[in-house]
Amino acid sequence: MNANLSAVPAFEHLSHIPLYAPGKPIQEVQRELGLTRIVKLASNENPWGPTEAVKARVASVVSGSEFEGLALYPVSDGYYLRKRIAERRGVSLDRVILGNGSSEILELVAKAAFLDGGSAVIPKHSFAIYGIATQTAGGRVIESRASATELDADDILRSVVKDTRLVYLGHPNNPTGLRLDRAAIERLVRNLREDIVLVVDQAYAEYEDPADYPDTASYLDERPNLLVLHTFSKIHALAAMRIGYGLGSKELMDFLERVRSPFNTNHLAQVAAEVAVQDLAFEAFCRQKNTEARAAFSLEAANHRCQVSGTCGNFVLMETAFPAADLFNALLHRSVIVRPMQGYGLPNHIRVTFGKPEEMRTFWNAAGPLLDGGC
Ligand SMILES: Cc1ncc(COP(=O)(O)O)c(C=O)c1O
């Protein structure tokens with residue numbers, strides 16, 4: 001039989017959607033290049049965790065020492081974790097949904113919104129999954145104006161058309177490390193048409209100073225079509241567990257529940273996150289380390305006359321004189337993995353995650369001589 005899968009109309013549509021390009025795993029680079037010690041600064045993971053308390057809780061499940069173990073299905077809707085999150089965020093339990101990473105919730109909301117087509121407005125240079133989730137669910141992407149140095153709330157509002165169902169906003173945004181001020185967030189929340197779901201992805205919000213970060217969760221009572229996302233992959237240091245959560249109105253959650261698979265988050269992830277979400281001291285520690293890493297990076301970048309943009313998140317976007325792919329490869333051969341940004345419309349930018357001080361020394365030892373001619 002001569003099967004031609006691209007002849008299936010839906011597959012033909014899928015073949016035009018860009019594939020997500022993940023950061024290279026350490027083992028992969030070791031295997032390909034025969035390197036031993038590798039510093040990975042490519043996927044905005046947190047080098048400081050997880051905590052001993054989280055590890056002990058996971059170990060207790062793996063050893064089956066409680067009334068739980070790997071042979072049993074997890075709690076389907078993650079009741080106990082949702083309860084902890086609800087307490088932490090000051091909302092009722094029925095306003096919390098869990099996902100297999102916040103990426104899954106980005107997909108769930110697209111699946112719900114684009115059942116009969118429609119469009120999503122997404123600022124230029126946003127996290128790739130917003131566009132992929134939209135298109136794989138049958139929606140169309142409308143790109144609003146943004147640059148490596150500026151996010152524009154008013155252009156998001158201007159870009160909305162009749163069939164727009166969703167607006168995605170990374171806040172702070174990855175990869176640009178930008179966020180809006182309180183007035184702009186307020187304009188967006190209050191002026192966006194009521195039949196459009198505003199998805200605010202706050203994956204990096206915990207790295208912001210809580211005293212001046214405009215948390216969109218404070219508008220949840222005002223705007224039923226608001227979905228605020230958080231992840232355990234970043235400051236909570238649980239990226240391998242794949243768990244994140246969304247906050248929204250009870251009505252919105254009822255719709256999302258209809259497209260969520262039962263048991264979508266696993267038991268190890270749920271218990272690890274239960275411990276992590278209560279540990280405010282660890283969050284404060286990581287926030288402080290991140291602030292120190294950013295200050296040190298800015299100094300070094302200035303020494304090399306390199307331009308960095310954004311002030312948010314656990315990463316930095318850096319413009320260089322080289323094509324990003326060339327710099328990425330040169331650093332790879334010096335045992336450092338960063339993320340080249342050409343796929344994000346930034347052909348000369350790399351994104352560097354803040355590692356521990358010794359990892360950042362390795363980065364500058366490798367990158368310094370390459371950048372010495374100026375960025
Ligand atoms: C802005 C943003 N949102 C969401 C995610 C995905 O997080 P998760 O690991 O929870 O799927 C990332 C991961 O890098 C991100 O940068």
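## Model basis

This is a predicted model; local features need pLDDT of at least 70, side-chain atom pairs count only at pLDDT 80 or more, and totals for chains, interfaces and linings use all residues. Residues are numbered from 1 along each chain as its sequence is written, and side-chain values use heavy atoms, without hydrogens and water.

## Domains

The domain assignment gives domain 1 (22-49 + 281-371) and domain 2 (52-278). Such bounds come from an automatic or database assignment. The domain centres, taken over C-alpha atoms, are 25 Å apart. Domain 1 brings 24 residues to the contact and domain 2 brings 26 residues (contact: heavy atoms within 4.5 Å).

## Interface

One salt bridge is found across the interface of domain 1 and domain 2 (a side-chain nitrogen of Lys or Arg within 4 Å of a carboxyl oxygen of Asp or Glu). Helix H11 (280-303), strand S10 (315-319) and strand S13 (349-353) each supply at least two residues of the domain 1 side that touches domain 2. H11 gives the most, with five residues. Helices (H or I, at least four residues) and strands (E, at least two) are DSSP runs, numbered from the N terminus.

## Thr 176

Thr 176 lies in the loop between strand S5 (164-170) and helix H8 (182-191). Thr 176 counts as buried because its relative accessibility is 1% (buried is under 20% relative accessible area, exposed over 50%, partly exposed in between; 1.4 Å probe, protein chains only). Beyond neighbours within four places in sequence, its contacts include His 125, Ser 309 and Phe 315.
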